[in-house]
Amino acid sequence: MLVGTNWIIWARVMGIIKHSSEPSSHRTPVSLFAKIVIAIALCTAVVLVVLHVIFSLGPWKILLDLIILVGIAAPLLYCSVVRPIRKSWSQRIQVRTQLKEHEKNLAVIFEAAPVGMLLVDQDMVVTRANHVVAKLAGKFPWQMVNLQPGNALGCINSTSDPAGCGHSSVCPDCPIRNTVQEVLSSGQAVQATEVQPTLIVDGQEVRPWLQLSVEPVTVDEKNCAVVAISDITERKKAEELLKQAQQDAEKANRAKSRFLANMSHEIRTPMSAILGYTDLLTDPDLSPSDRHNHLAVIRRNGQQLLNLINDILDLSKVEAGKMTVEKQPCSIVSIIADVTSIMRIRAEQHGTSLAVQYTSQIPETILTDGARLRQTLVNLVGNAIKFTEDGSVRIAVAFLPAWRQDEPALQIQVIDTGIGIDPENLPTLFDPFVQADSSTSRKYGGTGLGLAIAHYIAELLGGELTARSTPGQGSTFTLIIPTGPLEGVTMLEEPAEAVQQDGSAQDQSQSAKPLAGRRILLAEDGIDNQHLVRFLLTKAGAEVEVADNGKIAVDKANAQQFDLILMDIQMPEMDGYEATALLREQGYTGPIVALTAHAMSQDRRKCLKAGCNDYLSKPVNSTELIQTILHHFADESSSEQNSAEAAGKPHADSAAVVRSDFADDPDFADIIAQFVSGLSEKLWSMREALDEGDFETLRRLAHQLKGAGGSYGYPTLTDSAKVLEDAAKVQDRESAGLAFASLFELCQAVISGQAAGVASAGGR
């Protein structure tokens, strides 16, 4: 048994038999020398034991027993003492290796983490920091070690006390410090806490939004905390923007809801009057005076609906950035006189007096968009009258010789003694869809669009519109617009007298039958519009032929001679665009005026591109219709006068037409006609470039026309285009506006001269 036991021990020591409880991965091999010594001792002991049993060795017995004892004791001593010590030492080495690995992994995690990382010990001292948090604090990682968290991050409160972080009067409320201390004391992690400290980074005070996640850890048998810091400033900004956008959207939605409610009221009120009074007109017993009054009511309410539609269209242009202005010389006193005459009836209905006051000399003409200025003044005066009952409205006009950047300007004030505006409502006064309050719209009506459009037009004209008001005493709206260059412009000492003279001259120039002897082709598919336009033209003395669609219009224009064609755009079989283009291709050179319900600027451009000379929008305004037609006949009359001059007959004015130097050469007839027919589109493109401030496009277009003008026999066109080109080169908007106005008039004269030449040659 002793030999068997010795063998098992020896076999285990040698690794032949493995202990089941000893993991092979934790077993350390015995050195080769130790194995040999133990093996020899064991073998010797076994041999001697056998010899001792078999033979009696006499005096050598003690030595043999001693050797046997050593051989047996050596492996027992190794297994009971040496091997446990070696195993314990091996485990210590393994633990130390694992700790080093853990420290290495911790360092890698710290540096590779996409967020800022701090390791804070139980004394609230930073023992490790990564480059992300160091960048946030504007430091290097080693500069943050051995500091309190506030000092390490650069907290502004840490500098308020010489003792640093944790000693300022506000430190007990510090969310960063409190969060870390809570985790160190409780051992419980804290996730996703948002804080906004004030930090000093590179000498600048910043307030970033930070998100903290703190985990308890044990390092070197000490309680520590790992602090993960994420900079969420951009996210918080995005959240604020989203919140603000949501609030703005809700505000806009409420405003538009109120607007739609007002709009429903504004539409239904005049529509009810129109339908009601239309029914009354069917009464056969109605007296002529009542019939006249009913028609006046219908017209007034119809005009109110039209104004509403125009405001909506203008607002859509404003929001799309498509509203444009066309600056041309115009008379400010005439514009104010027109506005006053239009609004005086409404003022009298309200029991309100309306007066105009000129407080200084006024330029006879200014460079601006007369139509847009008139629209703005109508809005301002109409608004003043609406909110003034039994009071007064006054238009005060003054000349400002040196306004903004010393440029001359006109100041037009609309002063009323009405209900006034509360101070808290003034900041939103020019916002669309907004009125002072809902009771205002209920009592006075309106959609809240007029002032917003007026404010935008004022800025578009290069000026400004402001307001001041006192509740219960009235309001003053001040419109300031630049006049443009005033070189050579007469200053009027008595503007009111000039208005009266202009009015009397205009009355003398009006004729009862201005279109007498003229033949006009009306292309219109709507029966009601056919009857209306035909009635207006016939009343003015014209002979009218009607075509139900574009195809019929083309056939009639080729078969008969007409002085002018009114071309509706939307018609069956062949629309107005196609019919106009076809007529131009077939050689028709007479004036064609588009007549359409489309009212946007791109529609006008499309009509002109198709070959139309002018553009009128529906519903038809009788005065505008007759004046537009007369304008084209005036060009024709001028061309006839020019022909009369060539025949040696006296005439009043020959400057309205310009003919090519090659007009009498039949070989040039076609190419000159083609060149002239494209002038309208070129002018429109120049107008757009000027409005948009695209001086490079304007210069290029003017340069092209400059080169082509002389080549086609129009040297004056070349000279005029060169002036515009030079103004575009230096990006002088005012000079470019004046140059374009001059070029526009010259091109109209060229178009008229070409039409006159074709007519004299027998062309249609």
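Reply: Helices are DSSP runs of H or I with at least four residues, and strands are runs of E with at least two, numbered from the N terminus. This is a predicted model, in which local features need pLDDT of at least 70 and side-chain atom pairs count only at pLDDT 80 or more, while totals for chains, interfaces and linings use all residues. Residues are numbered from 1 along each chain as its sequence is written, and side-chain values use heavy atoms, with hydrogens and water left out.

Rings of Phe, Tyr and Trp (its six-membered ring) pair if their centres lie within 6.5 Å, and planes under 30 degrees apart count as stacked, over 60 as edge-to-face and the rest as tilted. By this rule there are three aromatic pairs. One of them joins F140 and W142, whose ring centres are 6.2 Å apart with planes at 5°, so this pair is stacked. With relative accessibility of 51%, F140 counts as exposed (exposed means over 50% relative accessible area, buried under 20%, partly exposed in between, with a 1.4 Å probe and protein chains only), and W142, at 62%, is exposed as well.

The pair of F740 and F744 is tilted, with 6.2 Å from centre to centre and 40° between the planes. Both residues lie in helix α24 (residues 733-760), four residues apart, which is about one turn of the helix. F740 is buried, because its relative accessible area is 3%, whereas F744, at 30%, counts as partly exposed.
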